[in-house]
Amino acid sequence: MLRRLLTQTSSPRRLLSSKTPFFSKPSLSPFSSFPSSPDPPSSASSSTTVKHVDESGSAAAGTTISVDRSALFNPPDHSHEPTPDSELVKHLKSVIKFRGGPISVAEYMEEVLTNPRSGYYMNRDVFGAQGDFITSPEVSQMFGEMIGVWAVCLWEQMGKPERVNLIELGPGRGTLMVDLLRGTSKFRNFTESLHIHLVECSPALQKLQHQNLKCATDEGSSEKKAISSLTGTPVHWHSTLEEVPSGVPTIIIAHEFYDALPVHQFQKTPRGWCEKMVDVGEDSQFRFVLSPQPTPAALYLVKRCTWTTPEEREKLEHVEISPKSMDLTQEIAKRIGSDGGGALIIDYGMDGIISDSLQAIREHKFVNILDDPGSADLSAYVDFPSIKHSAEEASENVTVHGPMTQSQFLGSLGINFRVDALLQNCDDEQAESLRSGYWRLVGDGEAPFWEGPDEQTPIGMGTRYLAMAIVNRNQGTPAPFQ
């Protein structure tokens with residue numbers, strides 16, 4: 001079955017051209033100075049380009065407080081000339097003013113990305129060569145096809161149920177789901193069992209997903225549902241995972257979703273761990289300060305640190321945690337533990353505690369996090385051990401596997417066989433694009449075979465991205481984690 005999935009000879013459809021207490025008593029000086037985050041790491045992979053071809057070829061008022069910023073080290077200068085405040089900037093400043101003090105980095109991040117009126121993701125297509133960044137499904141059709149292989153294998157381990165909820169968190173343009181359905185279309189028992197649920201808060205991206213999945217509205221249904229003409233599969237849209245009906249065996253895919261969930265940042269100081277906050281300076285620009293006392297997120301910090309060794313904690317000067325990631329993982333684990341099935345999480349991250357990884361990307365380049373909020377994507381490394389511990393705490397009926405590198409994951413599923421099959425049915429230009437896409441998915445660093453312009457050199461993401469699976473304990477170990 002696996003070989004059949006991999007070697008079908010469809011044409012390439014889309015190709016690439018001190019020991020410190022956690023907290024001490026509140027300081028008399030409310031907000032401490034804070035050194036800015038380091039400059040973002042350079043990454044040539046942000047300049048990837050894509051070529052497409054068809055099949056034929058809650059705020060509460062607080063008291064006003066003074067802020068001590070005398071020793072604050074400012075972030076780098078903003079990259080643009082002063083301009084009138086955008087709607088989102090005005091909103092953020094009004095929230096800070098209303099609170100009588102700064103907001104957390106997590107709240108800033110959430111507003112920047114998903115503010116209903118002017119959030120980064122809410123009203124535009126931000127993916128691909130013409131957007132700000134490129135994701136693996138946009139790199140090559142083979143990525144979605146391999147996720148399809150994984151889903152079919154898991155479905156068989158589940159006992160081939162007649163109905164399955166296939167849930168994708170943050171589907172982007174819908175590209176991954178399109179390739180998954182196309183790649184598994186010959187396995188009719190599988191595709192006929194599917195009810196697709198796309199968890200997407202952006203109206204603009206929902207519309208794009210509807211188009212790419214070639215959906216037609218189901219006039220006979222009162223639900224927000226459509227039918228994809230690709231496989232005749234019903235498709236539903238939801239704003240949150242909680243809205244997706246439970247009680248049905250479930251397969252969940254979360255590709256580059258966790259990295260966009262808000263993070264809280266903490267810094268070690270002589271008076272303990274202090275949370276990093278976003279404030280408005282005297283020059284009306286956003287700046288970082290430190291909290292004067294423990295914040296609600298401190299509970300998650302303490303919890304996360306219990307999952308590390310004393311030696312690891314001793315070395316830390318900064319810690320980054322994502323309470324929303326922990327809570328989401330627990331929701332996933334409980335659903336899988338009760339309904340059966342599994343979840344696949346693929347993202348860039350670390351198999352260890354995260355220090356300071358939050359970054360902003362605009363037009364494939366790293367920019368200042370506080371610069372023109374809403375115009376750049378914000379993301380952070382995914383803390384995979386945190387996902388593992390959160391899942392295991394939530395349900396005794398699940399097991400967690402991985403992480404392994406994306407290169408290992410795709411290679412074990414047979415991407416090598418798939419690229420060979422596609423190379424048999426393409427011209428020279430398509431072959432070059434296929435090899436470039438393959439390298440970007442599984443390679444490490446610059447492609448050794450590249451002979452084109454240096455600025456277009458394919459950069460491998462195979463070791464930077466990690467894969468982890470959470471499955472119902474009764475189903476055994478999922479492919480390819482055996």
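In which sense, right-handed or left-handed, does helix H2 pass helix H3? H2 passes H3 in a right-handed crossing, a crossing being right-handed if the near helix is turned clockwise from the far one by less than a right angle, and left-handed if anticlockwise.

## Basis of the model

This is a predicted model, in which local features need pLDDT of at least 70 and side-chain atom pairs count only at pLDDT 80 or more, while totals for chains, interfaces and linings use all residues. Residues are numbered from 1 along each chain as its sequence is written, and side-chain values use heavy atoms, with hydrogens and water left out.

## Helices H2 and H3

Helix H2 (residues 87–99) and helix H3 (residues 105–114) pack at an angle of about 150°, and their axes are 10 Å apart; helices (H or I, at least four residues) and strands (E, at least two) are DSSP runs, numbered from the N terminus. The axes are lines fitted to C-alpha atoms, for helices over the stretch in contact, and the angles run from 0 to 180 degrees between N-to-C directions. H2 and H3 are therefore roughly antiparallel to each other, a description that applies to angles over 145 degrees.

On the H2 side the contact (heavy atoms within 4.5 Å) is made by Leu88, His91, Leu92, Val95 and Arg99, and on the H3 side by Glu107, Tyr108, Glu111 and Val112.

## Helices H5 and H6

Helix H5 (residues 141–157) packs against helix H6 (residues 175–183) at an angle of about 60°, with the axes 7 Å apart, and the two helices are therefore oblique to each other. H5 passes H6 in a right-handed crossing. This contact involves Gln141, Phe143, Gly144, Glu145, Ile147 and Gly148 of H5, together with Leu176, Asp179, Leu180 and Arg182 of H6.

Two strands pair if DSSP finds at least two bridges between them.

With strand S9 (residues 250–255), S14 pairs in the parallel sense over six bridges, and His255 stands opposite Ile346 in S14. Strand S22 (residues 465–472) runs antiparallel to S14 and is joined to S14 by seven bridges, with Ala343 opposite Ile470 in S22. Strand S18 (residues 382–383) pairs with S14 in the parallel sense over two bridges, where Val382 is the bridge partner of Gly349.

## Arg362

Arg362 lies in strand S15 (residues 359–362) and is buried, with a relative accessible area of 18%.

Terms used: Parallel < 35°, antiparallel > 145°, perpendicular 65-115°, else oblique. Buried < 20%, exposed > 50% of the residue type's maximum accessible area, 1.4 Å probe, protein only.
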